[in-house]
Amino acid sequence: MSTPPTLPFTQKKPRKLADLTACVKTYNPNADTQLIEKAYRFSEEVHKNQKRSSGESYFHHPIEVAFIIAELELDTVSVATALLHDTVEDTVATLEQIEKEFGLEIATLVDGVTKISQISFQTSEEKQAENFRKMVFAMAKDLRVILVKLADRTHNMRTLQHLKPDKQARIAQETLDIYAPLANRLGLSAMKRELEDLSLRYTKPEIYYKLVAQVSKKLKERDQYTQDVLAMIEGALHEHGYNNATVTGRPKHFYSIHKKMEKRNLAYDQVYDLTGFRVVLETVEQCYGVLGLIHSLWTPVPGRFKDYIAIPKANFYQSLHTTVVGPGGEKIEIQIRTKEMHDTAERGIAAHWAYKEEKSLSQETSKFSWLNRLVEWNKDLQDPNEFLETVKLDLFSEDVYIFTPKGKVIEFPQGATPLDFAYTIHTDLGHHCIGAKVNGRMVPLKYKLKSGDTVEVLTSPNQTPNKDWLKLVKTSRAKSKIRQFIKVQEHENSKVLGEMILEKELKKEDLRFKTLLKEGLFEPAIEAFSLRSIEDLLSAIGYGKLSVRKVIGKIPLPAKENSPEAKEARETKETKRPLQKIVEEASKKSTTRQVVKVKGIEDLLVHFARCCSPVPGDSVIGFITRGRGISVHTRKCPKIFDSDPHRLIDIEWDMTTPSERAVKIRVICEDRPGLLADMSGVIKDQEANITRAQIGTTKDKKAVCLFSISIKNLNHLSKIISALEGVPGVLRVERVQKKQQ
Ligand code: MN
């Protein structure tokens, strides 16, 4: 279907001057209609030979824009500006002429609208930021500029069907990116909804028309339900003496249904609260009273009640929101507010402007604190980059809008972190992200992004995702990418470990893994444990889910190798050697196949033993734990001598990877003033970080300082120790390793 019957915003027949002045008179009986008439005639004259793409007279456009302004109940100057908004850009008329005819105020406004119209948000990314800045400043000077521009855009969107598809998509996207959020931020929610629906129609026509069809199909059914709910609310209100209430039920706009379906991955039939109910009352007390009434009528859904009366939104929006389990178990959302709040909700800042008081909209700006700040900044216009670094554009309240270093704007849910940002740009950027620079300053991964932040991702080739990252990210894209990585990684690591464990165990039987694999002797074991492949079997061993002895028990071992002689020979071999020797031999053998390297960053399946806190450069050995991967110990660690030698594996530091490890050092020194400062100075000179310091004294009046420091490697540690030994008053420096004190 090309034009569904319920298509909104259908063309009205051309409206004339009399209609416009009548419209203005409804809200402003003393309006200066002469000014409007003069602007009307002027615009009609200069646009007279122009046609729009639709074929109709161009002048039709400024009239309709003026109507949108009048519907917002703005002053006559704004209405005149709307009529004149395209004259300087598109006709022979000049700004001087406008100023001569209509005065400086209108000329300035027309100039502002013309300038905004020349801003393209579709140019290169670098320019986007600069253009956005221009618009914000134009707006901060006089809000009427942006209101006329929004009205202009609204009418252009209403008549977009006359343009070529590529132009339609471009303009609609720009509307969705810039103008709809702006309308929202200014509290013009009716305009915002219209802009969003129209944008959806041209950016995602398939989705839009499908939704329109689905909505109209269900319309009758929905209508009945809506009527039922309305009747119940009205009945209850009446019964409790709320006689001046207005109750309405309105279908949600297409874009919000689409967003909901997309966000929660729902089909249309799964979206329930398709109708928004609203109760408009006289006083705030009545609002809370009706809230209680509705909660006694239907059960409220926990966590869905929001009190925007007590805490208004940044765009002045005030209302009570609640979701209840309505008739038929369907969730319904109800908004409760006063008439005044309702007016603000629909017309936003325009509702706050009182033409009667002859107060200008530029004064009204002061009510918007965020605009106020922008006006302040406007005083010393800096270069655009500096602007982006300092200005926190909280123009958009619900989501955060983040700038790429090139000035592109990306939208994120609140609470998003640099990781979300990195994954949005590219999966690899996310996987290797170690932090970010926000507005030029280093921030940790857990930093919560704020609107206006410019984010630059910092990466390291050695960085990889880990499970903790899942707690840091907000976007589903980042979550799924991290999960995917961990899954593959765990499987891979476990496989390697599993093979090592199995190989080692098989050696005791003088068997070789590869030979058995070739002969297909693992098949019975794979089957016995209901696994799919040898990879899964190895992974299960490596991850500690399966014991290696159980697996070997399922292998049909060749008879000769299982003979009593062989067994005895093995036993002699095993028991007669001292444990330490086994460890040494095992490590010598395996140096040729250093499959597992210990990287600077803690891998999922590798962790450092706390008993001996190995640092890069220490001679280390790995112990294969059950299900917790490899724990890394120093070869001197006494715990290693107590361990099952068959679970020890040789590992080596990957010294190419810069890393930091924490160690503890103890310094015995004289108790003299300033010594602590001297020592920490020495440590800092060696470019090591002190993470903790503890000071005590001994009986013989000596000081004992315990430092936790992060160091690069053993060599680094030695340098620090000898530097400390050089400090006057220091008697002894030692590395602290538990059980070796
Ligand atoms: Mn226009």
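## Histidine 85 and the manganese site

Histidine 85 is buried, at 1% relative accessibility (buried means under 20% relative accessible area, exposed over 50%, partly exposed in between; 1.4 Å probe, protein chains only). Aspartate 152 is buried too, at 3%. This is a predicted model: local features need pLDDT of at least 70, side-chain atom pairs count only at pLDDT 80 or more, and totals for chains, interfaces and linings use all residues. Residues are numbered from 1 along each chain as its sequence is written, and side-chain values use heavy atoms, leaving out hydrogens and water.

The manganese ion has protein donors His61 (NE2), His85 (NE2), Asp86 (OD) and Asp152 (OD), 2.1 to 2.3 Å away. Donors are N, O and S atoms within 2.8 Å of the metal (3.2 Å for Na, K and Ca); water is not among the atoms, so sites may look incomplete. The donor spacing in sequence is H-x23-H-D-x65-D. Histidine 85, in the loop between helix H4 (76-84) and helix H5 (87-90), and aspartate 152, in helix H9 (residues 143-158), are 67 residues apart and link distant parts of the chain. Helices (H or I, at least four residues) and strands (E, at least two) are DSSP runs, numbered from the N terminus.

## Two positive phi angles

Most residues other than glycine have a negative phi. Glutamate 73 has a positive phi of about 60°. Glutamate 73 sits in the loop between helix H3 (60-71) and H4, and is partly exposed at 31%.

Serine 530 has a positive phi near 50°. Serine 530 lies between helix H26 (523-528) and helix H27 (534-542), in a loop. Serine 530 is exposed, at 65%.

## Whole protein

The protein has 33 helices and 21 strands. Of its 741 residues, 49% are buried.
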